[in-house]
Structures are given as structure tokens and as C-alpha cells.
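This report describes a protein chain, part by part. Please keep the sequence and the structure in view while reading.

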Amino acid sequence: MTGTEPAHVGSYYAATVNDHTEFAPLRGEHRADVCVIGAGFTGISTALHLAEKGYNVHVVEAHKVGWGASGRNGGQLIAGISAEKRLAKMMGKQAVWDLRWAGHEIIRQRVRTYNIDCDLKYGYLDVAIKPRHVRDLENNCRYLDDNNFADEHRLLSQAETRDLIGTDAYLGALLNMGNGHLHPLNLCVGEARAAVVNGATIYEQSPVTHIEHGSKPVVHADSGAVKADFVVIAGNAYHRLEPILRGQVLPVNSFIIASEPLTAELVREINRDDLAVCDPNYILQYFRLSADKRLLFGGRCNYFGMDPLLIKSQLVPRLLKIYPQLRDTRFEFAWGGSIAVPVNRAVQLGRVAPNVLYAQGYSGHGINVTHVTGQILAEAIAGTSERFDVISQLKTMRVPGAATFSRQLITLGMIYYGLKDRL
Ligand SMILES: Cc1cc2nc3c(=O)[nH]c(=O)nc-3n(C[C@H](O)[C@H](O)[C@H](O)COP(=O)(O)OP(=O)(O)OC[C@H]3O[C@@H](n4cnc5c(N)ncnc54)[C@H](O)[C@@H]3O)c2cc1C
């Protein structure tokens, strides 16, 4: 990773971002209360929480705000935090229920408070491919009922699902109007601007080369440094600084294609209520419409590069199995990004030193969770570390050779999970 890579990957989001950030690189020596490394949702969310509390925060980003997964993901706003059952034993069921929706509330409030134009919409379908998935959806619906979930939620038959999303690919679905979708890059940039309004400083094109640990850790980039009371590492799958963190997650790529804007007739047929849709497989597929009515379709490929033609060649045939009616549709964008997957699928919060904290490992569900972890990191720095302490007790598993053999391990993982999906 270098500061000379192109600003953003060639995504639909980069092409439609409503505010092009041009923050100056880090030059010279600076002093901060908190220095955050990485300007994705984790970093920016933490910075905004802290800046709102009056902390002097400096954010150092190797590329641009939202350059990583945060600015190029599926935009699906999904409640929940990984390892909920384990967390419930540690903090109680109610606290976990609150935690699973907390990120949604933070996003809702920020969009309102800071007037962030990010196409935030509510409405979500978890779809079933196999009978066992239908049973899972029934359990999930019961879980929502048991917690008196206020937003509309109900199970849909195959015919009702077909009626809503124009495909016979699914046996049924769980409609949940509490989840939704948004333009992630516009949200991330909007929150970055809000952090700056609250006094934060952001540096772009400034890869951090190392952290000098000590009572006042110093974050070094090529042409400057920030000395701080606390450092937050928020590099997730793109992080290379602390080997101990690198070994705790596998950077798995996920890819998205975006069609040309669909005709009103096609929109009516395949998604008239503008819902985000996600299947239950480990190697999952997800899709939704953008504000300008393109179909954004995401999934995994057995591929590590970023060539749009190759991405389309793998994803378009999969999409056409669901929507043969799109066979004449052009696909104008294709891109990918890295997801940090912990081997035991549990989100990771912790410290590499008493004053150097981190959060990572959201798998493919990061939009909601990064907003909560940002809040929890900010709380811990401000001296209230109950939630941080509990979550940081979740076991992490180190993968021997994860940094060196990640491709081989991911290929093996894809084979393993692909087989599980077929059962
Ligand atoms: C294709 C794709 C689709 C996804 N779809 C969804 C979805 O629909 N819904 C959902 O909830 N989640 C989704 N996710 C997951 C979600 O996007 C991530 O979990 C989340 O964005 C992680 O945010 P982050 O800030 O921790 O990491 P990132 O957004 O990756 O940000 C990390 C930042 O740190 C910077 N950085 C790293 N090292 C350094 C360094 N040395 N110096 C300075 N800066 C550094 C990087 O440049 C980067 O900008 C998807 C992810 C991908 C890749």
C-alpha cells in the first residue's frame, strides 16, 4: 500500500460521491489527545464521537476518507454484532439486543444532525434458499417478536417474496423494516466533515509507517508525526502495522457490480419497494437498488485482483440465475474490497498497549458495528470502559502464517464454506 495508489477504487460510489475530500497530508510534528489511524467507518466514527466530546483528534489516512471497505461496500445496513450468543453470556441478553441496534441509531442521528445526504432507506429482506434457511428465518422472526421489536417485520411466503423482488430463486423471506441501505462513501465522507466541524484534523495520502510506543505514543508517516495520549488503530483488513493484529483476521475479498440505471418497468418488477436483499450462505450474495435505480449486486469470487472485466465475468452469470430478465442489461461498474474475517467470527476490540486501542474483524457486517465500536472506543478513552472491557474478553484466534499465506488460507476457506453452503 502506498500513498500513490489511485484515490478511490473505480466504484459506483466513487463516481457518485457528493463531496470530494482533499485533506492535506501529514507534514511536521503535531500533538493530539487521540491519533486515529485509518479513515474508514471505524476511524471516522471514533473520531467523531471523540471530537463531539471535545477531544483534540487527528486522523491519519493512507489514501482518502472512505478508501477502504467503508467507501466501497454493499451499503446494506444490517443489525447485529458477531458472537452475540457468547456476548449474551458475558453481558446479558438485553445488553446484546441494545448493542445490535445501536449502530443504526448512531447513523440515523448523525444523518439527521449533520444533514448527511447518503440515500439512507429502510427495508430489508433476508431470503431463504433451502428449507433449513426458512426455519432460521422463523427463529429470527421469533427473536424479534420476543424483544417486542417495533419496526415492521414478518415472514413472507415464496409467492410474496416473488411478488416483491421478481424472482423464484428463494423459498421465502423475512422482511425487516428496521434494516436498510445507504450510499456508504457519502455517509463516511459526511461523518468526516462532521468530525472536522467538531474540531478534528484529518490527513489524507499519509500512510503510517510505524507507531513509536511509550507513555505518549507517536504515529509516524513519511513526512510527519503525531504525538498523542491515545492511539486508535482502525485499519481493519488493510492494516499492516502491528503483526499481532494481522494474524487475527483473514483479509477476504468481496466484489460488487453495478448495472446501468434500470427502466421503471424493470424496477417495478424486481424491487418496487426498494429493499436490500441478502442470502444466508456463508459465501453470500446480496443486492439492492441505488438511488438512481442501478442494481448493485455483490458476492465473492475466487479471485484476488481488481480487474472489472474479470469481476463481471464471474458475477454477472450468478446474477442472471436470479434475474434472467436482466440479460440485456449493461454493467457499468465492477470493483472489490477486503473484509477482515476473524477465524472464530467474533468482532475484535482490544489494546496492543495500554494507550493503543484497536477494533477490527467485522466480517461482512461492518456498517452498523463500526459505528458502535467507534462509540465504545471513544467511551474507553474517555474513561468508561465497561463495554470495551467485556467485548475485548471475547476470545481471538491467531492464524499461524495468516499474513504470509492468506491467499492459500482463503482459498481453502472458500472451498470449505462453499461445501457447507451446498449441504
Ligand atoms: C465489497 C464489500 C462489501 C461489503 N458489504 C457490506 C454491507 O453491505 N454491509 C455491511 O455492514 N458491511 C459490508 N462490508 C464490510 C464493511 O464495509 C467493513 O466491515 C467496514 O467498512 C470496515 O470499516 P473499517 O473502518 O474498520 O475499515 P476500512 O473501511 O477498510 O478502513 C480502513 C482504513 O485504514 C486505512 N489504513 C490502513 N492502514 C493504514 C496505515 N498504515 N496508515 C494510514 N491508514 C491506514 C486504509 O487506507 C483504510 O482507508 C463490505 C465490505 C466489502 C469489502
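## Thr329 and its contacts

In this predicted model, Thr329 touches Ser259, Glu260, Leu262 and Leu266, when its neighbours within four places in sequence are left aside. Thr329 belongs to the loop between α10 and β15. Its relative accessible area is 14%. Because a residue counts as buried under 20% relative accessible area, Thr329 is classed as buried.

## The chain as a whole

The chain contains 13 helices and 17 strands. Its radius of gyration is 21 Å, close to the 22 Å that the globule rule gives for 423 residues, so the chain is as compact as a globular protein of that length. Along the principal axes, the C-alpha atoms fill a box of roughly 60 × 45 × 45 Å.

How much of the chain is buried? Buried residues account for 57% of the 423 residues. Sequence separation can also be examined through contacts: of those between residues at least 6 apart in sequence, 75% join residues at least 24 apart.

## Surface and charge

The accessible surface of the chain amounts to about 17600 Å², and carbon and sulfur atoms contribute 53% of this area. The chain carries 44 positive and 42 negative charges. The mean position of the positive charges and that of the negative charges are 6 Å apart.

## Aromatic pairs

Across the whole structure, a search finds 10 aromatic pairs.

Another edge-to-face pair joins Phe287 and Tyr323, with 5.6 Å centre to centre and 80° between the planes. Phe287 is part of strand β13 (residues 286–289), whereas Tyr323 is in the loop between α10 (308–322) and β15, so the pair ties together parts that are 36 residues apart in sequence. Phe287 is buried at a relative accessible area of 2%, and Tyr323 is buried at 0% relative accessibility.

## An aromatic cluster

Which residues form one aromatic cluster? The members are Tyr12, Tyr13, Phe333 and Trp335.

## Residues with a positive phi

Ala83 has a positive phi of about 65°, although this residue is not a glycine. Its place is the loop between β3 (76–77) and α3 (84–91). Is Ala83 buried or exposed? With a relative accessibility of 11%, Ala83 counts as buried.

Asp274 also has a positive phi, near 60°, and is a residue other than glycine. Asp274 is located in the loop between α9 (264–271) and β12 (276–278). At 7% relative accessibility, Asp274 counts as buried.

Conventions:
Residues are numbered from 1 along each chain as its sequence is written. This is a predicted model: local features need pLDDT of at least 70, side-chain atom pairs count only at pLDDT 80 or more; totals for chains, interfaces and linings use all residues. Side-chain values use heavy atoms; hydrogens and water are left out. Helices (H or I, at least four residues) and strands (E, at least two) are DSSP runs, numbered from the N terminus. The radius of gyration is taken over C-alpha atoms; the globule rule is 2.2 Å times the number of residues to the power 0.38. Buried means under 20% relative accessible area, exposed over 50%, partly exposed in between (1.4 Å probe, protein chains only). Contact means heavy atoms within 4.5 Å. Accessible areas come from the Shrake-Rupley method with a 1.4 Å probe; for residues, only the protein chains shown count as cover. Lys and Arg count as positive and Asp and Glu as negative; His and the chain ends are not counted. The place of a charge is taken as NZ of Lys, CZ of Arg, CG of Asp or CD of Glu. Rings of Phe, Tyr and Trp (its six-membered ring) pair if their centres lie within 6.5 Å; planes under 30 degrees apart count as stacked, over 60 as edge-to-face and the rest as tilted.
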